[in-house]
Amino acid sequence: MGAYRFEYEADWKIFRKLVTPWIERYFQEKNESYIRMLRSEGRARDKWWKLKDLMKNDIKVIESGTDMSRSCLIDDLSILAANGIITVDELEKFTPKMQDQVIRFLGRLKEDSPGGRLVNEWNRRYGEKRVKVTID
């Protein structure tokens, strides 16, 4: 078997450093939204079932965006960014090629989604012309 060369080692190191704070922030935001929902008016059982569904979906997001393997790095970043877990300032810490690949992926999302809002902010800062890298 030939030697495997990972193209995004610098990005991998950044991801490993930032993923724990991202997860913690995500859990904090979700916990606060759950508390707001549970304190709202309504029947206890309705809120319980709603909480169950919310948590089920939120768990899928965080699990699918934190695969923690080098081969899934672009996918992980794209999933986390698409769900509003990564900010533009945080995305700027990655290499330009990685930034461009994530922005290209997010460009397919609806403008009012968390990922679409990230792309809008990105385009306000850099303009759409910045995304020039060809995805290999």
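**Entry 1**

I started just after helix 3, where Gly84 takes a positive phi of about 75 degrees. I then looked for a positive phi at a residue other than glycine and noted Met68, with a phi of about 65 degrees. Met68 sits in the loop between helix 2 and helix 3. Its relative accessibility is 29%, so I put Met68 down as partly exposed. For these words I use relative accessible area: buried is under 20%, exposed is over 50%, and partly exposed is in between, with a 1.4 Å probe and protein chains only.

**Entry 1: what I am looking at**

The model is predicted, so I note its terms: local features need pLDDT of at least 70, side-chain atom pairs count only at pLDDT 80 or more, and totals for chains, interfaces and linings use all residues. Residues are numbered from 1 along each chain as its sequence is written, and side-chain values use heavy atoms, with hydrogens and water left out.

**Entry 2: the whole chain**

I counted six helices and zero strands in the protein. From the N terminus on, the order is α-α-α-α-α-α. Helices here are DSSP runs of H or I with at least four residues, strands are runs of E with at least two, and both are numbered from the N terminus.

Of the 136 residues in the protein, 33% are buried. The accessible surface comes to about 9000 Å², and carbon and sulfur atoms hold 53% of that surface. These areas come from the Shrake-Rupley method with a 1.4 Å probe, and for residues only the protein chains shown count as cover.

I also looked at contacts, meaning heavy atoms within 4.5 Å. Among contacts with a separation of 6 or more, 66% join residues 24 or more positions apart.

**Entry 3: the largest nonpolar core**

Which residues have the most contacts inside the largest nonpolar core? They are Phe15, Trp22, Leu77, Leu91 and Phe94, in a core of 26 residues. Helix 1 (9-39), helix 2 (44-64), helix 3 (73-82), helix 4 (88-91), helix 5 (96-106) and helix 6 (114-126) each give two or more residues to this core. Helix 1 gives the largest share, six residues. A nonpolar core is a set of buried Ala, Val, Leu, Ile, Met, Phe, Trp, Tyr and Cys residues joined through side-chain atoms within 4.5 Å. As background, nonpolar side chains tend to be buried together in soluble globular proteins.

I took Trp22 next, which is in helix 1. Is Trp22 buried or exposed? Its relative accessibility is 1%, so Trp22 counts as buried. Not counting residues up to four places away in sequence, Trp22 touches Phe15, Leu77, Leu80, Ile85, Ile86, Glu90 and Phe94. Trp22 and Leu80 are 58 residues apart along the chain, yet their C-alpha atoms are separated by 8.7 Å.

For Phe15 I left aside neighbours within four places in sequence, and the contacts include Trp22, Gly65, Met68, Leu77 and Phe94.

**Entry 4: helix 3**

Why do I call helix 3 largely enclosed by the rest of the structure? I do so because seven of its ten residues are buried. The buried ones are Leu73, Asp76, Leu77, Ser78, Leu80, Ala81 and Ala82. They pack against helix 1, helix 2, helix 5 and helix 6.

Ser78 lies in helix 3 and is buried, with a relative accessible area of 2%. Beyond its neighbours within four places in sequence, Ser78 is in contact with Val102, Phe105 and Leu106.

**Entry 5: helix 3 against helix 5**

The axes of helix 3 and helix 5 come within 9 Å and cross at roughly 55 degrees. That makes helix 3 oblique to helix 5. Axes are lines fitted to C-alpha atoms, for helices over the stretch in contact, and angles run from 0 to 180 degrees between N-to-C directions. Angles under 35 degrees count as roughly parallel, over 145 as roughly antiparallel, 65 to 115 as roughly perpendicular, and the rest as oblique.

On the helix 3 side the contact is made by Leu73, Ile74, Leu77, Ser78, Ala81 and Ala82, and on the helix 5 side by Met98, Gln101, Val102, Phe105 and Leu106. The buried residues of helix 5 pack against helix 1, helix 3, helix 4 and helix 6.
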